[in-house]
Amino acid sequence: MAFLAITSLLLCLMGQPFGSLAMDASTVLASHVVRTAPEGDVAANLKVFVGLSEAHNLGMHLGLEKGALLEASVRRGLPPGNGPAVVLEAGCHAGDSTLSVAAALAGRPGSTIVSTESNREWLDAAKKVVGHATKRMGLTFVPLELQEDDNFDVFLDRLQENHGLSLFDAVVLDHDESLFLPHLKRILARGLLRHGGTVFVDNIKRKASQLTEYIEFTRTGSGNGLETEVTEVSEPYPDAVATSTLVQLSTELEILDDYGGGGSNRGRDS
């Protein structure tokens, strides 16, 4: 009931009828951001997004602290110079984390962000938020629906066939945590992460029990070619994030056919 009241209030403030936005927090956030934040200003749009989500406990924001670490992680994976780069983000939610990716790509016109999401309402919200915030930045934003049971290899094939993308400078994994490891293994086995590229993962502490195998696989010294740094955070709740850097290419990774099940609660505050 509290969420209904908040949504109704926000819709009224935005001059829209109560029943017009399907009662989804992501839609409310996107409408508010587009209406109140200036075009082409990533930092301002991110601040408005996080501010509204925090103020009304919508649970849709990554948080400014984690967002800054995500931006730094992506920037670490970019090639030298100011040339274009490619970032794959699996699980963009309503687009706030995508804005942190975009901030890392500022000054690199021609760069591409591929963002996937299984929730169609969240993906629609991300399209609006990111399109508004990155106007005139020279970025290509490719938002794609990717369901938890979709074949990831087919998805990667289509990225190459339809968009000419066959190498990522940075990867962000924030979809179903049961897919982090199998999807990372497929990316590595196919040679799709550039040497020196990075992989950013959220909820390393909060979801440690679900991420045991991922943490072990990416651990520095595990023999899988990755060096991993874990950083503790306090906002929006006590947690930790991890950045893994590909320091050695491997051709001996296991090829998985079973991607594991889905069904996790994917809210930002879960």
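Biologist: At about what angle does H6 run to S3?

Modeller: This is a predicted model. In it, helix H6 (residues 120–133) carries the chain from S2 to S3 in a right-handed β-α-β crossover. H6 lies across both S2 and S3. Relative to S3, H6 runs at about 170 degrees.

Biologist: Which residue of S3 stands opposite serine 115?

Modeller: Strand S2 (residues 112–117) and strand S3 (residues 140–145) run parallel and are joined by six bridges. Within S3, the residue opposite serine 115 is proline 143.

Biologist: Which strands stand at the edges of the sheet?

Modeller: The sheet is open and has seven strands with mixed pairing, in the order S3-S2-S1-S4-S5-S7-S6. An edge strand here has a single partner strand, so one of its sides is left without a neighbour in the sheet. The strands in that position are S3 and S6 (226–233).

Biologist: Is H4 parallel, antiparallel, perpendicular or oblique to H5?

Modeller: Helix H4 (residues 64–77) packs against helix H5 (residues 96–104) with the axes 8 Å apart and at an angle of about 45 degrees. Because of that angle, the class that applies to H4 against H5 is oblique.

Biologist: How many charged residues does the contact of H4 with H5 have?

Modeller: From H4, the residues that meet H5 are Gly67, Leu70, Glu71, Val74 and Arg75. Their counterparts in H5 are Ser97, Ser100, Val101, Ala103 and Ala104. By class, the contact has five nonpolar residues and three polar ones, and the number of charged residues is two.

Notes: Residues numbered from 1 in each chain as written. Predicted model: local features only at pLDDT ≥ 70, side-chain atom pairs only at ≥ 80, totals over all residues. Heavy atoms only, no water. Pairing = 2+ DSSP bridges. Helix = DSSP H or I, 4+ residues; strand = E, 2+ residues; numbered from the N terminus. Right-handed = clockwise from strand over helix to strand, strands pointing away. Axes fitted to C-alpha atoms, helices over the stretch in contact; angles between N-to-C directions. Parallel < 35°, antiparallel > 145°, perpendicular 65-115°, else oblique. Contact = heavy atoms within 4.5 Å. Nonpolar A, V, L, I, M, F, W, Y, C, P; charged D, E, K, R; others polar.
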